[in-house]
Amino acid sequence: MAWRAPDNLRFYIQEARLVSINLSSSQPSVDAALHALPRRYRKLRAIHPLRLALFNEYCQDWTEDFVPCVSLGEEDEDKETGERFTVPCPPFYQVPSISLARADSLKRLFTWIDLLPLETVRRAVHLLYPETKVWSFASDADDPDHTIFKCIMWSQLVDHDDERHCRNAMSIFIQPPWVLSVRDLELFCKRQSFFGSSSTPWHERPTTPHERLWYKLWDCCITRSCPWFVVSTYTHWVFGVFSNGWTAAFVSPVYSHDSHDPSVLQLLLFWLCSAMGLPGGWAVPEVRIEPACPSHHLTASVSDLAVTDKSTFALWVGDD
């Protein structure tokens with residue numbers, strides 16, 4: 001007899017893999033260049049890739065420690081909220097498949113990501129931490145690049161000074177796989193620096209797709225005061241976070257939708273709980289340049305990169 005996902009949530013999160021997406025046989029005709037160019041106000045200087053083996057091990061250990069394998073006594077679907085587990089995991093679990101239209105546009109691609117991994121992770125985190133039920137995924141406002149780029153926030157509404165504001169913990173940035181290739185994502189995750197010693201003036205430099213994506217993400221994240229992020233084409237996933245001073249970023253390797261040990265669901269749940277500061281989550285290595293940069297101080301000057309905890313930094317960062 002098949003289980004419900006909450007009967008052994010750990011095994012479900014570890015074993016359930018995203019189904020292959022049904023893409024259009026012909027690529028939509030779109031302008032594939034993001035509207036993000038080099039600008040002096042950006043403080044981003046360095047991208048640090050995280051070691052694959054160590055990152056995987058930490059995620060696996062976190063799952064073992066914080067996701068139970070004993071029954072939670074809950075159904076797959078919360079009858080009150082409608083939240084449910086949606087990623088099938090045959091033959092172990094009874095989670096049914098969802099029929100979705102072919103992803104031939106960003107709007108339809110978003111539906112695949114929203115209804116499968118995000119819905120499942122939302123149900124999981126609310127079961128594990130009931131105090132987080134005020135948090136949910138919400139689509140952000142329209143963007144100048146709305147045909148090729150979409151942002152989803154994990155956020156909650158809070159009252160402050162008689163006004164309601166969004167408190168954001170993590171951003172999920174979506175681009176279609178026909179716009180953001182696997183090669184682009186691999187280059188995005190490589191060790192790199194910005195505004196180095198090139199003789200070409202910064203505003204005249206040609207930019208690559210992965211550089212434009214970094215510019216776009218930095219602007220979006222600092223505007224929302226939200227350093228934790230995920231980049232997804234559904235077929236591939238990357239997990240990252242900006243340093244406290246917004247001068248560096250730490251980024252995972254590229255994971256396929258059907259990755260295992262860890263699965264995409266494991267990684268998403270782990271990264272979301274880390275972003276919320278929940279027990280056992282990943283801690284961002286300290287990088288000291290200046291105090292954290294508030295959004296209204298974007299023109300602050302930048303000094304050279306300096307790592308305050310070199311042992312921790314060296315342990316996590318490197319090319320496998």
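1. Confidence. The chain has an average pLDDT of 87, and 84% of its residues score at least 70. The coordinates discussed here belong to a predicted model. One stretch calls for caution: over residues 290-311 pLDDT stays under 50, although the model shows 40 contacts beyond four places in sequence for that stretch. Where pLDDT is low, the predicted coordinates should not be read in detail.

2. Side chains of opposite charge can pair when their charged atoms come close. The structure contains 11 salt bridges. In one of them, glutamate 75 pairs with arginine 4, with 2.8 Å between the closest N and O atoms. Arginine 4 belongs to the segment before helix H1 (9-15) and glutamate 75 to the loop between helix H2 (52-66) and helix H3 (106-128), so this pair ties together parts that lie 71 residues apart in sequence. Glutamate 75 is partly exposed, at a relative accessible area of 41%.

3. A second link across the chain. Arginine 42 and aspartate 219 also meet through their side chains in a salt bridge, at 2.8 Å from N to O. Here the loop between H1 and strand S1 (46-49), which holds arginine 42, is linked to helix H5 (residues 209-223), which holds aspartate 219; the two residues are 177 residues apart. Is arginine 42 buried or exposed? Arginine 42 counts as buried because its relative accessibility is 3%, and the limit for buried is under 20%.

4. The side chains of arginine 183 and glutamate 186 form a salt bridge at 3.8 Å, N to O. Both residues lie in helix H4 (residues 182-188), and because they are 3 residues apart they are separated by about one helical turn. Glutamate 186 is partly exposed, with a relative accessible area of 34%.

5. Nonpolar cores. The largest nonpolar core comprises 64 residues, and the residues with the most contacts inside it include Tyr12, Trp154, Leu269 and Trp271. Helix H3 gives the most to this core, contributing 12 residues. Which residues does leucine 269 touch, not counting those up to four places away in sequence? They are Ile13, Trp62, Val67, Val121, Ala124, Val125 and Leu128. A second, separate core has 32 residues, among them Leu34, Met153, Val179 and Val251.

6. Aromatic pairs. A pair of aromatic rings is described by the distance of the centres and the angle of the planes. The whole structure has 29 aromatic pairs. For phenylalanine 11 and tyrosine 93, the ring centres are 6.3 Å apart and the planes stand at 35°, so the pair is tilted. This pair joins distant parts of the chain, since phenylalanine 11 is in helix H1 and tyrosine 93 is in the loop between H2 and H3, 82 residues apart. Phenylalanine 11 counts as partly exposed at 25% relative accessibility, whereas tyrosine 93 counts as buried at 4%.

7. Ring cluster and charges over rings. Ring pairs link Phe55, Tyr58, Trp62, Phe66, Trp228, Phe250, Phe270, Trp271 and Trp282 into a cluster. Lysine 150 lies over the face of phenylalanine 110, 4.9 Å from the ring centre. The charged end of lysine 216 sits over the ring of phenylalanine 149, at 5.2 Å from the centre of that ring.

How values were computed: Residues are numbered from 1 along each chain as its sequence is written. This is a predicted model: local features need pLDDT of at least 70, side-chain atom pairs count only at pLDDT 80 or more; totals for chains, interfaces and linings use all residues. Side-chain values use heavy atoms; hydrogens and water are left out. A salt bridge is a side-chain nitrogen of Lys or Arg within 4 Å of a carboxyl oxygen of Asp or Glu. Helices (H or I, at least four residues) and strands (E, at least two) are DSSP runs, numbered from the N terminus. Buried means under 20% relative accessible area, exposed over 50%, partly exposed in between (1.4 Å probe, protein chains only). A nonpolar core is a set of buried Ala, Val, Leu, Ile, Met, Phe, Trp, Tyr and Cys residues joined through side-chain atoms within 4.5 Å. Contact means heavy atoms within 4.5 Å. Rings of Phe, Tyr and Trp (its six-membered ring) pair if their centres lie within 6.5 Å; planes under 30 degrees apart count as stacked, over 60 as edge-to-face and the rest as tilted. A charge sits over a ring if NZ of Lys or CZ of Arg is within 6 Å of the ring centre and within 35 degrees of the ring normal. pLDDT is the predictor's confidence in each residue, from 0 to 100.
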